[in-house]
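Here is a friendly look at a few local features of one protein model. Please keep the sequence and the structure open as you read.

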Amino acid sequence: LGQKALKIPLSYDFAEINQAMKELADALHLVQLDTWAMKAESENALRQGAAELDNMPIAIDDTATSRPFGLAKLLCEYGFRVITIYADTCSPPDLAALEWLKENAGDIEWKFPFHHKMALLPRTASAENGELLAIGQVAAYFTGTKHFVNIVESDGLYGYHGICTLMELIR
């Protein structure tokens with residue numbers, strides 16, 4: 001139809017979010033919004049969420065978001081305690097986040113949910129006290145936790161507003 005296509009993927013990286021908003025504003029011939037206040041609101045929501053969870057372990061899976069490593073990186077940067085990521089692969093847009101996690105949060109386990117032996121493992125939330133927050137249905141299933149953020153493919157939670165909404169769901 002002669003329309004210009006924009007590729008503005010989901011991201012949990014503030015620089016990528018800002019770049020996507022700029023590309024969209026340019027394509028629509030709009031003045032780009034000042035993202036400073038939106039970023040500050042997201043950062044405040046992240047800090048508040050980390051304080052409320054009080055070091056509760058978190059498991060994330062790739063049914064909740066197409067960028068589980070990016071989400072884990074963001075959460076780790078703000079003091080959350082991510083202990084497990086359930087994903088069979090790491091997509092190219094998430095590779096930089098995976099590398100960051102290897103260097104800065106190397107104790108996070110990467111589990112492959114479709115591996116045939118996963119069905120044989122016990123479904124327990126945490127060796128410490130049974131308390132764990134799962135983000136995604138696969139993480140909830142494999143951990144057996146009662147604390148569960150039920151989102152699939154990010155549920156439309158995009159950009160700064162999406163991060164704030166996710167923090168509300170987590171809390």
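Predicted model: local features only at pLDDT ≥ 70, side-chain atom pairs only at ≥ 80, totals over all residues.

Residues are numbered from 1 along each chain as its sequence is written, and side-chain values use heavy atoms, without hydrogens and water.

**Backbone angles.** Most residues other than glycine have a negative phi.

| Residue | Phi | Location |
|---|---|---|
| D54 | about 50° | loop between α2 and β1 (57-61) |

Helices (H or I, at least four residues) and strands (E, at least two) are DSSP runs, numbered from the N terminus. D54 is also exposed, at a relative accessible area of 63%; exposed means over 50%, buried under 20% and partly exposed in between, with a 1.4 Å probe and protein chains only.

**A lysine in a helix.** K73 belongs to helix α3 (residues 68-77). With a relative accessible area of 17%, K73 is buried. Beyond its neighbours within four places in sequence, K73 is in contact (heavy atoms within 4.5 Å) with D13, A97, W100 and L101. Between K73 and D94 there are 10.0 Å from C-alpha to C-alpha, at a sequence separation of 21 residues.

L28 sits in the loop between α1 (14-27) and α2 (36-53).
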